[in-house]
Each structure stands twice: as C-alpha cells, then as structure tokens.
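Hi,

Here is the structure I promised to pass on.

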Amino acid sequence: MFKTTKTNRRIGESRTRSGQGISPSHHTFTSRIHSWRSHHRLVAAQSIQRLIATPVSSVMTILVLAIAITLPAALNVAITNVAQLTGQASDNVQMSLYLEKATSDTSGRKLAKQMANWDGVNSASYVSPQQAKDSFRTLEGFVEIIDSLPENPLPGVIVLILSDQSLTVNQAEALRQQALALRDVASAKIDLEWLQKVHAIVGLAQQIAAVLSILLAIGVVLVVGNTIKLSIDTRREEIIVTKLVGATNAFVRRPFLYMGLWFGASGALIALILISACKYALTSAIDSLSLVYGGNIELTGLGFTNSLTLLLMGAMLGWLGAWLAASQHIRALEPR
Amino acid sequence: MIRFEGVTKRYDSGQEALSDISFELDSGEMAFLTGHSGAGKSTLLKLIMLMERATQGEVWIDNQNLATLSKRHVPLLRRKMGVVHQNHQLLFDRSVYDNVALPLIVAGYHPRDIGRRVRGALDKVNLLHKEKMHPQSLSGGEQQRVGIARAVVNKPPFLLADEPTGNLDPALSAEIMQLFKEFNQVGVTVLVATHDLALIARMHHRSLILREGSLVGNGATKTIAQTDMDET
C-alpha cells in the first residue's frame with residue numbers, strides 16, 4: 001500500500017543533506033525574509049477574504065466604525081468652517097467714529113488722514129454728513145423721511161478698518177479709547193462683542209470635539225477588539241492546531257491584526273465618503289447663506305492630508321483593538 | 001535524545017498522573033509507551049511537547065532541560081517534533097494539502113519548498129492523489145495518514161504518536177506501524193503510545209510500560225508483553 005522503497009530513498013537523501021536533520025530550519029536567512037514577506041501578503045489577502053466571506057456582519061461592524069469615526073471628524077470639519085468664517089470677519093473689523101456736529105468736512109478729512117497712520121489701523125475714510133444723507137436716500141422708504149427733516153441730522157463719520165494681524169480685543173479697545181480722547185470724536189463704536197462670543201463658542205466646541213474624538217476612538221478600539229475576540233473564538237481549533245505544530249503567538253496573531261487593520265481602514269473610508277456626502281448636501285444651503293451675507297462663504301472639506309490622516313488613524317485604531325484582543329485571548333489558547 | 005529524570009506530574013486537581021518516571025531514549029531509537037488507559041501515556045507525551053510541564057523532576061530533549069525553556073522557545077521545540085494525535089487534530093476547513101503544509105508555513109519555509117515537501121510527505125503515506133480533498137471526505141485511516149504526513153513533513157528529528165491506531169482495524173494498524181518503522185530507519189527518534197499489545201509484540205522494539213502513573217517495565221517487547229499479561 002505504501003511506496004516504501006521510493007520514498008525511503010527520498011527521506012534518506014534529505015537526511016544526508018541536512019546532516020543530522022536536527023534543525024528543521026536549514027533554509028537561508030534571505031529565503032526566510034522572503035517567505036516572511038510573502039506570508040504577510042498572503043495573510044493580508046486572506047483576512048480580506050474572511051471579511052468578504054461574512055458580508056453582513058462585516059458590513060455592520062464597518063458601519064458602526066464609520067459612524068464612530070464620522071461624528072468627531074464631521075464636527076471638526078464644521079468647527080474649522082465656523083472658525084474660518086469668523087476669521088474672515090475679523091479680517092475687516094470696522095470701527096465707526098461719530099464726529100461732533102460742529103466738525104467741518106475739512107477737519108474731518110484731515111483727522112481721517114492722521115488716523116490712517118495709527119498703529120493697528122489699515123485704512124481710514126471720512127464720510128461727510130451729506131454723503132451719509134445721500135446714501136440713506138438710496139434706501140427705499142427713507143427718501144420721504146430724510147426729505148421731511150428740516151436739517152441733516154447725521155454727523156460726519158470716520159470709518160476705520162483695523163488691520164487684521166494686530167487685532168486682539170484689548171488692542172481694538174485701546175484704539176477706541178485713543179479715538180475717543182480726541183476733541184472732535186463724539187462716540188466710537190466697534191463691533192467686537194459678537195466676535196468674542198463666537199470665538200469662545202468655537203473654542204468650547206473644539207474642546208468638546210477633542211473629548212468626543214478620544215471617546216469615539218476608544219469606542220473604535222473596543223468595537224474592533226470585540227469583533228476580533230469573536231473571530232478568535234470561532235477559530236479556536238485552528239489556533240490550537242497551529243500552535244501544536246510550532247506556531248509562535250506572533251504568527252497566530254497576524255491574521256487578526258490584519259483583520260483589525262482592514263476594519264479600521266474601511267470604517268475610516270466610509271466615514272470619508274459620509275463627510276463628503278454631507279458637504280455636498282449642504283452646498284446649496286451654504287450658497288443661499290452666502291448670498292444673504294453678500295460674501296463668498298465656501299465650505300472647506302477634509303482635504304487630502306486630513307483624509308489620509310483619518311484613514312491612517314482608522315487603520316491604526318483597528319490594529320490596536322485587534323492587538324489588544326489578540327494578545328489577550330491567543331496567549332490563553334494553549335493546546336491541552 | 002529524550003530523557004526523564006524523576007519526573008512527577010500532579011494536576012491542579014491533586015491527581016498524580018505520573019510518579020517519579022525516569023528513562024532515556026537515544027537518538028534514532030524507537031520505543032513503545034504502553035499501559036491501560038489512564039495510566040499516564042498521554043500525560044508523558046504532553047510533557048515532551050510541552051503541552052504540560054512537570055511538577056517535579058526534569059525532562060531533557062537534546063540536552064535541553066525543558067524546565068528552563070522559556071515560553072518564547074516552546075514553538076521552536078515543537079517544530080522539532082512531529083506529533084500524531086489520537087484525534088488527528090486536522091483542520092476541516094481546508095484541504096489535505098493545506099493541512100500538511102501547515103508546519104512548513106509556520107516555520108517560514110519558502111513557498112517553492114512547501115509544495116515539494118508536502119507532495120513528498122503525501123506520497124510517503126500514499127495520499128498524493130487526495131491532496132485537494134477535504135479531510136472529512138476521507139476514511140479514518142486516511143485521516144490518520146494525513147496526520148502522519150503533517151507530522152513528518154518538516155523532517156523533524158522526533159516523532160511522537162498518541163494511540164495512532166486507536167480506531168483502525170488490525171491491517172491498517174500494521175501499515176501505520178510499518179510507516180513509523182520506516183521513519184525510524186532513516187534516523188528519526190520514534191515514541192508511540194499505544195495499548196495494542198498484540199501489535200507491539202510483533203514489532204520487537206523497546207517498550208515502556210506505565211501503570212497508574214509509574215513506570216513498571218522498560219525493556220524488550222516480548223518479555224514485557226509477557227510480564228504485563230502475567231500480572232493482569
């Protein structure tokens with residue numbers, strides 16, 4: 001029944017080649033590296049096949065991960081956009097200086113010229129009472145009111161555009177005080193309060209987003225960890241047999257680490273798609289908002305670098321979750 | 001070389017599976033390990049492949065004291081041993097070929113070598129034509145032979161077998177034993193645990209007899225089979 005003579009010779013031959021045959025590893029170092037690399041490739045491919053083999057549960061897990069990744073990422077995108085908007089606003093913060101009624105157009109213009117040279121002031125322009133009246137007349141409904149008045153009630157105004165870099169709230173306030181100290185300036189108005197509020201809210205939102213990011217990152221690790229644990233449970237027998245024939249823990253762990261990596265990366269990929277979809281859905285709404293404000297508000301997406309970072313982060317978190325689950329459960333699975 | 005020096009194995013339950021066992025098996029020797037079920041045969045084999053560790057005494061493999069072997073080195077020790085398990089321990093989710101290839105993949109062999117060696121081992125047990133089949137579609141004897149092919153595929157210096165003929169008829173058992181003998185003839189140290197005394201009697205090899213965890217016989221088969229039968 002057995003082909004004794006032929007195979008005897010074969011085994012005998014290899015035994016002479018490998019000396020005593022004590023060491024099973026008589027292959028060279030480079031071939032070891034080669035087979036290690038090809039094993040990684042094989043395991044990476046096999047773990048994808050395993051994910052595809054159980055499509056429903058894989059998709060469920062990936063969707064949970066995608067949502068967990070989308071939430072903080074989308075929040076961060078939203079915050080970035082709001083911060084950018086308020087940043088644009090602070091680029092041209094205006095200060096309006098209302099002059100005394102008695103101030104002449106000539107001294108008003110002179111004053112504006114002086115102020116243009118002030119530190120922290122980008123430009124200064126004088127609006128005479130007549131110009132102010134004319135601009136009011138262009139507004140519907142104001143014509144009759146303005147014309148019915150016995151004299152022009154409007155004062156001359158100097159409009160200061162504050163330079164963007166120097167604009168801290170304190171500096172702006174200092175400029176206001178400097179202007180108020182002048183004899184011709186009756187009152188000065190600067191619209192900083194809302195800006196401060198927005199900055200505070202953005203700061204708070206950023207902190208909330210950071211906390212949320214950490215919590216959901218832990219969530220991703222736990223979800224992947226649990227999925228990998230279940231996968232290890234279903235492959236108990238295989239793990240034990242593999243260990244029986246001399247597999248190291250690292251060898252047994254490898255397919256699960258790749259699985260975690262794919263889970264995390266696919267979750268992040270879906271998250272990227274979801275964020276892009278949200279951005280697309282909001283475009284028309286933002287366009288009409290942009291019209292109202294007469295500005296050019298444009299939504300910023302994640303961008304290439306951030307998208308790549310998100311993908312890598314997802315993959316890393318998945319790998320970490322798998323590593324935690326695998327190193328804990330595989331070590332415990334010893335042949336008995 | 002396998003050497004036991006005063007080895008005792010007590011399980012956590014307090015049950016003493018082996019008591020003060022001492023023997024030495026030279027490299028290239030073939031021996032049987034026999035005794036009734038529960039006598040400690042499986043425990044003794046488990047101590048050699050480090051599925052269990054001795055409570056007292058020392059187990060030496062090739063001048064390596066297993067008590068001092070770190071967990072990290074256990075896989076390397078196992079690669080030096082082909083083990084044929086009573087319940088085959090085959091994986092039913094993959095082909096015969098993939099089952100036999102497992103020890104080679106684990107040890108990091110080049111894919112090119114793997115095919116050559118797996119086919120060599122399957123040829124040796126005369127199952128080359130069934131390499132693509134799955135183990136569940138094979139007969140018990142064929143499954144056992146797949147297990148043997150897997151045990152010898154990386155040409156280990158040691159071959160251990162735990163009741164390899166347990167569920168087989170006498171003719172098949174004799175063929176399996178003949179196979180072990182052939183491996184021994186090319187220099188492999190073979191230790192076969194079995195309670196098939198009739199089979200042992202025909203083989204003319206050394207036998208280690210266990211009774212209730214103690215070594216009660218260590219010598220040529222015929223006399224031992226005789227004494228064992230006398231005592232029972």
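In chain A, the centres of domain 1 and domain 2, taken over C-alpha atoms, are 54 Å apart. Domain 1 covers 37–88 + 197–332 and domain 2 covers 94–190, with bounds from an automatic or database domain assignment.

A word on provenance: this is a predicted model, where local features need pLDDT of at least 70, side-chain atom pairs count only at pLDDT 80 or more, and totals for chains, interfaces and linings use all residues. Residues are numbered from 1 along each chain as its sequence is written, while chains are lettered from A and ligands numbered from 1 in the order in which they are written.

Chain A has 11 helices and four strands (DSSP runs numbered from the N terminus: H or I of at least four residues, E of at least two). Of its 336 residues, 26% are buried, i.e. 20 or more other C-beta atoms, placed from the backbone, lie within 10 Å of the residue's own.

Over in chain B, the axes of α3(B) (residues 96–106) and α4(B) (residues 111–124) come within 9 Å and cross at roughly 125 degrees. Axes here are lines fitted to C-alpha atoms over the stretch in contact, with angles from 0 to 180 degrees between N-to-C directions. The contact (C-beta atoms, placed from the backbone, within 7 Å) involves residues including Y97(B) and L104(B) of α3(B) and R117(B) and L122(B) of α4(B).

Cheers

Terms used. A residue is buried if 20 or more other C-beta atoms lie within 10 Å of its own, exposed if 12 or fewer, and partly exposed in between; C-beta atoms are placed from the backbone. Two residues are in contact if their C-beta atoms, placed from the backbone, lie within 7 Å.
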